[in-house]
Amino acid sequence: MYNSPLMTTGLCVALAATLSSCALPKQPLLSYWKEMRHKKAVPLQAGKEYEVRKALSKSIPFRPSEINGYTFVFQAPKPPLLVALKTHHNSQMRVRTTAYTHDESDHIVYGVKNAIGTNLKFGNVRSAAADWSRFPVGTKFRIAGQPGVVYEVDDYGSALVGTGTIDLYKPSQSMMNHWGVRHVDIEVIQWGSFERSVQIMRDRTQWKHVRAMMEGIEARLRTAGLPEGAEPITTASL
């Protein structure tokens, strides 16, 4: 075939024009391949059954009937604060309790209101104050020897932070004084919510004891060993 500089130049120009008309990725091919791979990957859906197959060793002749198959059902990840709540293992424990009332000096500014903005309760369901990083808001418990009475943590107090003490609400100072300090056996019938505790305290961090409770909840997250910034599991991982 006749070859000349003019023909060679023409072929190069034609080839360049052809390539320029192709829809090639503008980013490096490796990153483009990763992007396309993730586009095809579908996040796993909770409750749906998935199958994973594991091939035999390369040294063994291929026999489809001997390929190991596994199935699993993906469970939706739980909120971090809910996972941290699982660090509570005991529903029965012995705790130190004290008592308070709405008209004592360090509570008189709040009157009959508790930390969540509702009225303090004294009846079949009674209010209690605690360190919310230990007993989150909404925690319900019974005290041994008091049938028919349920206490609910809906309040907190600066003197309680960092302790395991629970403060029980009494409607009068005489009842408060009569209770004094007692170590009692309690049964937690429902753990409260760390998430709700954080939501309530988020705008109150100007107070030292509130900051301490927030830090206590964060410490529970670290103790639970929760991964930070983990990517969702997708079908590309199977």
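In what order do the six strands close into a barrel? The order is 3-7-4-6-5-8, and the pairing is mixed. From one strand to the next, the twist averages 50°. Keep in mind that this is a predicted model.

Let me step back to the whole chain. The protein has six helices and eight strands. Along the sequence, the pattern reads α-α-β-β-α-β-β-β-β-β-α-β-α-α. There are 238 residues, and 29% of them count as buried. Now the contacts. Take those in the protein with a separation of 6 or more: 74% of them come from residues 24 or more positions apart.

Strand 3 covers residues 92-100, and strand 8 covers residues 182-190. Six bridges join these two, and they run antiparallel.

Look for Thr97, whose bridge partner in strand 7 is Ile166.

Next, strand 7 and strand 4. Strand 4 is residues 125-129. Two bridges join strand 4 to strand 7, and this pair runs antiparallel. Ala128 has Leu168 in strand 7 as its bridge partner.

Which way do the side chains of strand 7 point? Strand 7 spans residues 166-169. Ile166 and Leu168 point one way. Asp167 and Tyr169 point the other way. All four are buried, Asp167 included. In a regular strand, the side chains alternate between the two faces of the sheet.

Last stop, helix 5, residues 194-201. Which residues of helix 5 are buried? They are Phe194, Ser197, Val198, Ile200 and Met201. Viewed down the axis of helix 5, these buried residues fall within an arc of 165°, so they line one face of the helix. The general rule: an α-helix has 3.6 residues a turn, so residues three or four places apart point the same way.

What caps the N-terminal end of helix 5? That is Ser193. One of its side-chain oxygens lies 3.3 Å from the backbone nitrogen of Glu195.

To recap: a six-strand barrel with mixed pairing, strand 7 with both of its sides buried, and helix 5 capped by Ser193.

Key: Residues numbered from 1 in each chain as written. Predicted model: local features only at pLDDT ≥ 70, side-chain atom pairs only at ≥ 80, totals over all residues. Heavy atoms only, no water. Pairing = 2+ DSSP bridges. Axes fitted to C-alpha atoms, helices over the stretch in contact; angles between N-to-C directions. Buried < 20%, exposed > 50% of the residue type's maximum accessible area, 1.4 Å probe, protein only. Arc of directions from axis to C-beta. Polar contact = N/O pair within 3.5 Å; in protein donor to acceptor, adjacent residues only side chain to side chain. Contact = heavy atoms within 4.5 Å.
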